[in-house]
Amino acid sequence: MYKLLLRPLLFQFDPEKVHYFTFAWIRRLFRIGLGGLIKKWGLIEDPRLEREVFGLKFKNPVGLAAGFDKDAKLYNELGAIGFGFIEIGTLTPKGQLGNPKKRLFRLTEDSGLINRMGFNNGGVAEAIPRLKKNKGVLRGGNIGKNTDTKPEDYTADYLECFHALHPYVDYFVLNVSCPNVSSHAKLNDKEYLESLIGAVKKANDTYDIQRPIVLKIAPDLNDQQLDEIIDLVTTTNLDGVIASNTSVSREGLKTSEERLAEIGDGGLSGKPITDKSTRVIKYLADKSNRSFPIIGVGGIHSAQDALDKLDAGASLVQLYTGFIYEGPGLIKDINKAILKRS
């Protein structure tokens, strides 16, 4: 029903406006007691789907990636329709508008998206009252820096978000690989990353309960850079990696060069990065002898795409663009395929 009726209608309108329109309607349906209609699309419960990763118990291995529910406004409803976990954010210390609109574009010929949102969010303090209303959803907190933060204060931004969210999320993601923020180069410098991770882990040690901390990396890294990531995880005792963020590559797209030039810069997601993301997962898993957990994300549009990432070495998977193109039924399809295997 989603792909035949709803998607063709929604895809007639600006993607960012559709995003907020869909949010409003999902919330409204749950408020008037019709959330069960949406649950049927995605919800499947079975103890064989449970996974223990980072010392946390996930009811199923299919999560929602960061960027969809930036401000923690809909995580309870999204959890109810079948996701095993929801990653909120990216949140920054202060609220910010992000990059100028238009900043989100569909590549329908490629089943992809290009975005240059720029960490638009209401700020970490605004999200906390909503996070206090959790109804049993396992949540990750994806954190970043404000656009106008000076380089010497980057780490302070991450720490501010970390301390504010610590009581309200189950794990943390250090987002250092988004191509739509300033000083992207420094955020990928190994020496800086060692310092950042060390500072966050030191802050984590001040709490009675430590939260798992993972790093979200780009899909465009070469083998040498991936070797550095493995070394970084090992030396800093990081809990894991999310592979991967959006790509800056435009290789192999069906979308015309003219249209791509019209869109301009931004991170590419969806089917065009399916294989690239899976390659990164397999490389990290094989070279590290699966010594740390990997959350696989990037171009999952079918149950087979998810199985491929799990086979490559991912412990969990996340949806974003595939959820937009395929609808809530994709969650159920993936979990059914996992159950069929088991």
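Predicted model: local features only at pLDDT ≥ 70, side-chain atom pairs only at ≥ 80, totals over all residues.
Three strands make up an open sheet in the order 5-6-11, and their pairing is antiparallel. Strand 5 (104-107) and strand 11 (267-270) are the edge strands, each of them pairing on one side only, while the twist from one strand to the next averages 25°. Strand 6 (residues 112-115) pairs with strand 5 in the antiparallel sense over four bridges, and strand 6 also pairs with strand 11 in the antiparallel sense over four bridges. The residues that stand opposite one another include those in the following table.

| Residue | Residue opposite | Strand of the opposite residue |
|---|---|---|
| Leu 104 | Asn 115 | strand 6 |
| Arg 106 | Leu 113 | strand 6 |
| Gly 112 | Gly 270 | strand 11 |

Strand 5 and strand 6 form a hairpin with four residues between the strands, and within this hairpin Ser 111 takes a positive phi near 55°. Strand 6 is covered on both of its faces, given that Gly 112 and Ile 114 on one side, and Leu 113 and Asn 115 on the other, are all buried.

**Aromatic pairs and a cluster**

The structure holds 12 aromatic pairs. One of them joins Phe 54 and Tyr 171, whose rings lie 6.2 Å apart centre to centre with 40° between the planes, an arrangement that counts as tilted. This pair links distant parts of the chain, with Phe 54 placed in the loop between strand 1 (51-53) and strand 2 (56-58) and Tyr 171 placed in strand 8 (residues 171-175), 117 residues apart. Are these two partners buried or exposed? Phe 54 has a relative accessible area of 15% and is therefore buried, and Tyr 171, with a relative accessible area of 0%, is buried as well; the cut-off behind both assignments is a relative accessible area under 20%. Elsewhere, Phe 23, Phe 68, Phe 83, Tyr 320 and Phe 323 form one aromatic cluster.

**A nonpolar patch on the surface**

At the surface, Met 1, Leu 4, Leu 5 and Leu 6 form a nonpolar patch, which together has about 460 Å² of accessible area. Leu 5, one of these residues, lies in helix 1 (residues 2-10). Why does Leu 5 count as exposed? Its relative accessibility is 57%, and the assignment follows because exposed means over 50% relative accessible area.

Conventions. Residues numbered from 1 in each chain as written. Heavy atoms only, no water. Patch = residues over 30% accessible without salt bridge, like charges linked within 9 Å, V, L, I, M, F, W, Y side chains within 5 Å. Areas by Shrake-Rupley, 256 points an atom, 1.4 Å probe, with all protein chains shown as cover. Salt bridge = Lys/Arg side-chain N within 4 Å of Asp/Glu carboxyl O. Helix = DSSP H or I, 4+ residues; strand = E, 2+ residues; numbered from the N terminus. Buried < 20%, exposed > 50% of the residue type's maximum accessible area, 1.4 Å probe, protein only. Pairing = 2+ DSSP bridges. Axes fitted to C-alpha atoms, helices over the stretch in contact; angles between N-to-C directions. Phe/Tyr/Trp six-rings, centres within 6.5 Å; stacked < 30°, edge-to-face > 60°.
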